[in-house]
Structures are given as structure tokens and as C-alpha cells.
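Reader: I'd like to go through the charged side chains here before we move on to anything else. Could you take me through them?

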Amino acid sequence: MTQVKRSWRRSGALIAAATVGALGVGLSAAPALAHTPVWNVTCDEVNVELKAYGRNTENTVTITVDGKDLLPTETFGNDFSKTLELPEHDKELSVRLIVKAEDGDRFSRDETKTAPVCEEETPTPSATPTPSDTPTTATPTPSDTPTTATPSTSTPAPATPSAEPSPDEPDLAETGSSSATPLIAGAAAVVIVAGGGIMWAARKRRSAQG
């Protein structure tokens with residue numbers, strides 16, 4: 001009976017030691033599992049979520065962009081949450097997160113991520129027609145209006161006879177008489193002769209009758 005009791009005592013001591021050891025391992029591992037650092041970087045902001053870092057502790061967090069402070073060193077307790085806006089940039093930025101845990105360097109973080117360049121948004125076309133899309137009615141200009149020809153009331157000026165003789169006409173005599181003067185004189189002579197002959201014939205006829 002004495003040996004049986006001793007064996008039971010030894011077994012109980014071993015179980016108790018194993019239990020204490022398991023609890024110690026679990027307690028030592030608990031802080032490592034409790035620390036939850038999460039952070040994301042986009043083209044225009046940085047979001048940081050640090051949880052379960054232990055109550056009544058003083059931890060620090062720092063964020064830099066291309067070596068310049070975006071978030072100067074700040075102390076926090078169990079949790080820390082913040083969203084920071086990145087400066088405008090036309091090339092990629094290097095964002096660095098530094099977390100120092102009070103319960104040991106093994107829980108601290110020093111990570112770097114890249115912030116891409118934001119793409120320009122394409123403006124959405126508006127469904128409302130703009131003034132340039134509204135049809136306009138063309139207004140005729142004065143040059144497009146038909147004009148009615150007004151008849152001229154002016155009369156043509158009479159042709160002024162030229163004082164110079166035509167080159168086709170014969171030159172006039174220096175006396176100033178026309179070239180038809182000899183013809184007229186000849187005709188007159190014929191008339192006179194004929195008249196004289198008629199009068200002579202009439203006288204002769206009268207004398208013959210008497």
C-alpha cells in the first residue's frame with residue numbers, strides 16, 4: 001500500500017509540473033499572439049491599425065515618407081488607429097512604419113511600403129446638352145438678302161457731232177460751198193432752158209392761130 005501511495009504522489013507531482021509548464025508557455029506566447037499591427041498604403045493615404053499591445057504600456061509609432069516625417073513619433077497604449085493623407089506626388093513614394101513595443105523588440109515592427117502615383121480620373125460626360133450642342137437658327141446677314149435692281153432714270157446724253165470732218169468725206173472748197181453746188185446749178189440751167197423752150201413754142205402756136 002505504501003508503494004502505491006508513493007507512485008500516486010509522484011504521478012500527481014509530474015502532472016502538476018506539466019500543467020505549470022504549459023501555462024508558462026501559454027502566457028509567454030500570449031503577448032506575441034495579441035499584438036496585431038495592420039497598415040495599408042494607397043496612392044493618397046496611409047492607414048494604421050495597432051491593437052492589443054498591452055494595457056498600461058507605452059509604445060511608440062513613427063511614419064516617414066521619403067525620409068520625412070508624416071507622423072512624428074507618437075506614444076500609444078493598447079491600441080492605435082489613424083489615417084494619414086499623403087502629399088501630392090508624380091512619382092512613387094517610400095512609406096516607412098516604425099513601431100516600438102514596450103514589452104520587447106521582438107514585437108516591434110520596421111516595415112516599408114510603396115505608395116503609387118494616383119491615376120487621373122476621366123470626367124464623366126454630362127447628359128445635359130451644353131449651349132454649343134443646342135441647334136441655332138441662322139440669321140441671314142445683309143449680304144444674304146436679295147436686292148432688287150433699281151432702273152436708272154438717267155437718259156443717255158445726245159451724241160455731240162464732231163467738229164472734225166470725216167476722213168471719208170471729200171475736202172470742201174476754200175469758198176465754203178458744198179460739193180453738190182455744181183449739180184444744183186446744172187439742174188437750174190436745164191429748168192430755165194426748158195421753160196424758155198416752152199414759152200417759145202406757146203408764142204409760136206399763138207401766132208399761127210391769129
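Reader: Let's start with Asp110: does it count as buried, partly exposed or exposed?

Author: This is a predicted model, and in it Asp110 counts as partly exposed, because its relative accessibility is 47%, which falls between the 20% and 50% limits used for that class.

Reader: And which side chain does Asp110 meet in a salt bridge?

Author: The partner of Asp110 is Arg96, and the N to O distance in this salt bridge is 2.7 Å. The pair links distant parts of the chain, since Asp110 belongs to strand β7 (residues 109–115) while Arg96 belongs to strand β6, 14 residues apart. Arg96 is partly exposed as well, because its relative accessible area is 35%.

Reader: How many salt bridges does the count come to?

Author: The count comes to three. One of them joins Glu111 to Arg109, with the closest N and O atoms 2.1 Å apart; Glu111 is partly exposed at 24% relative accessibility, and Arg109 is likewise partly exposed, at 28%.

Reader: What about Lys82, which residue does it form a salt bridge with?

Author: Lys82 forms its salt bridge with Glu74, and there the closest N and O atoms are 3.3 Å apart. Lys82 counts as partly exposed because its relative accessible area is 28%, and Glu74 falls into the partly exposed class at 27% relative accessibility.

Reader: Is Glu88 buried or exposed, and why?

Author: Glu88 counts as exposed because its relative accessibility is 82%, and the cut-off for that class is over 50%.

Reader: One last thing, where does Thr64 lie, and is it buried or exposed?

Author: Thr64 lies in strand β3, which covers residues 59–65, and it counts as buried because its relative accessibility is 13%, with the limit for buried set at under 20%.

Reader: Which residues is Thr64 in contact with, leaving aside neighbours within four places in sequence?

Author: With those neighbours left aside, Thr64 is in contact with Asp69, Leu70, Ser94, Val95 and Arg96.

Key:
Residues numbered from 1 in each chain as written. Predicted model: local features only at pLDDT ≥ 70, side-chain atom pairs only at ≥ 80, totals over all residues. Heavy atoms only, no water. Buried < 20%, exposed > 50% of the residue type's maximum accessible area, 1.4 Å probe, protein only. Salt bridge = Lys/Arg side-chain N within 4 Å of Asp/Glu carboxyl O. Helix = DSSP H or I, 4+ residues; strand = E, 2+ residues; numbered from the N terminus. Contact = heavy atoms within 4.5 Å.
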